[in-house]
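Hi,

Here is the structure I said I would pass on. Have a look at it first, and then read my notes below.

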Amino acid sequence: MNAVLIALLVLPLLGAAATLAPLGRDPHTADRRALRLGVGVTGAVLALTVVLAAGFDHDEPGRMQAVTDTAWIPAIGVRLHLGVDGISLPLIVLTALLTLLCAVYSTKRLPSGDGIPGARAFVGLLLLLEVGMLATFAVLDLVLFFLAFEIVLIPMYFLIARWGSGRKVPAANRFILYTLLGSAVMLLGFLLIGLDAGTFDMTALARAHGSGLSHTTQVVAALAVLVGLAVKAPAWPLHSWLPDAHTAAPTVGSVLLAGVLLKMGTYGLVRVLLPIVPEGATTFAPYLGAFAAVGIVYGSLACLALARPGAKGDLKRLIAFSSVGHMGFVLLGIASLTPAGVNGALFANIAHGLITGLLFFLVGAVKDRYGTADLDTLAGATGAALYGRAPRIGALLAFAAVASLGLPGLAGFWGELLAMFGAFEPAAGLSRPAFLTYLVLAGLGTLLTAAYLLVVVKRVCMGDPEQPAPVADLPDLQRYEAVSWTPLAALTVVAGLWPALLLSLSDPAVKHLLGGG
């Protein structure tokens, strides 16, 4: 199984390199071959993740499996250490699935880029992005984690800056400046931990559970790691790069940014912060919980402001702000330092990737058809009337909206519930009155979330189909769209009805990490 995990990382890297080779003299032929190459490679990667999941020992999800551990830079003790457990496996499968769906979608809806020579560069960057995303969840060395964390920045920068729309270059610049600054601060924390402990091995550090590191070292390192990862999460008030990046990014860029890249920050908090510097995590948990609760309410209020008539709110920007609120629940669960809260955070990670990925696909399709994502332009006087003009797309949008607001029976419900349950009974040493306050704010956030999503459904899906529309022809769900979106809708239902599918994997691994790794 370790060979399968290595192949997961090598295959998309080879695919990215293959896009540099001649794929035909005719530009159109080269583009078609590049797009088919992207689908073939990402499909093979997903098949390997299925093999990895099938071979995973589900009786011991807290144990690292498919392990490769060999010296890489002996001078500073950096090792090529790979492995998966019940925490990382679902994220690896989610990453492979979303990348394949984006590759399939791009075969028919390749974003246009000013001055870009066809699809080869786009596919190459998409595959390089997949390498970085998968590696982030598979590596078990702090230096390798930092490198994988950085690999994703350049491909995403160009996906936004070259294949985006609107103010794409300023948005891409802001994205990379924020994330590079956060990564630099995070690296300082990693170096402090590794040099003080004498190793960068994440499993050895987790087993030590802070022993060998002084209280001061733990607090300083935890602050650096927390700030660096909070930028990527993104946590309020370090979120301001996100709405611009989502608004400017092409559809597939927004799907991967929301579905995977945001999860890299919260995954790092669970994998690094909680088990390696537990005293530092306990010191800053109340502050993380406070920022999470404020982020939940702030994100919902921002969405309400964008959704109201006359606000000229952009639908992509609205969903981006909704991510700030949803990731607030993830951060609140982590801040509780309890198995229930952390399990809820990990479940909400996967649910958010499925649901928000579907929402960005749908909003991208609406924008392609109407030529705009401006909510006032779409809604007109009575509403965009998607139920009457494009009923399948309208139904899917309503489904994704109610899943996002946490309707019981769908994936969005369980993660937020468990995160709030963790806040109700936080870990020993944390102020219960403070976390009960955060719980109340989170509960208010759920009400506000329902309010703005129902407003969006009303304005976009309902209305008079006979009113003049911005476009005369509004095609309904196309075959390539159904292929790209159906797996996300189906998994949203499966995870909602069968939460043990994920919780049975994460719970033993979380207890293992919290108890000394």
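How many nonpolar, polar and charged residues are there in the lining of the largest cavity? Before the count, bear in mind that this is a predicted model. The lining has five nonpolar residues, six polar ones and one charged one.

Here's the rest on that cavity. A search through the whole structure turns up six cavities of 30 Å³ or more, and the largest holds about 100 Å³ of space. Helix 14 gives the most, with five residues.

Next, helix 3. It covers residues 88–108, 21 residues in total, and spans 32 Å from its first C-alpha to its last, close to the 30 Å expected at 1.5 Å a residue. Of those 21 residues, 18 are buried, so helix 3 is largely enclosed by the rest of the structure.

Last, the hairpin. Strand 1 (residues 65–73) pairs with strand 2 (residues 78–84) in the antiparallel sense, over six bridges. Alanine 71 sits opposite arginine 79 of strand 2. Four residues lie between the two strands, and glycine 77 takes a positive phi near 75° in this hairpin.

Cheers

Conventions:
Residues numbered from 1 in each chain as written. Predicted model: local features only at pLDDT ≥ 70, side-chain atom pairs only at ≥ 80, totals over all residues. Heavy atoms only, no water. Expected span 1.5 Å × (residues − 1). Buried < 20%, exposed > 50% of the residue type's maximum accessible area, 1.4 Å probe, protein only. 1 Å grid on protein atoms, 1.4 Å probe; cavity = no way out; pocket = protein on both sides within 12 Å on 5 of 7 lines; lining within 4 Å. Points joined across faces, edges and corners; volume = space filled by probe spheres on them. Nonpolar A, V, L, I, M, F, W, Y, C, P; charged D, E, K, R; others polar. Pairing = 2+ DSSP bridges.
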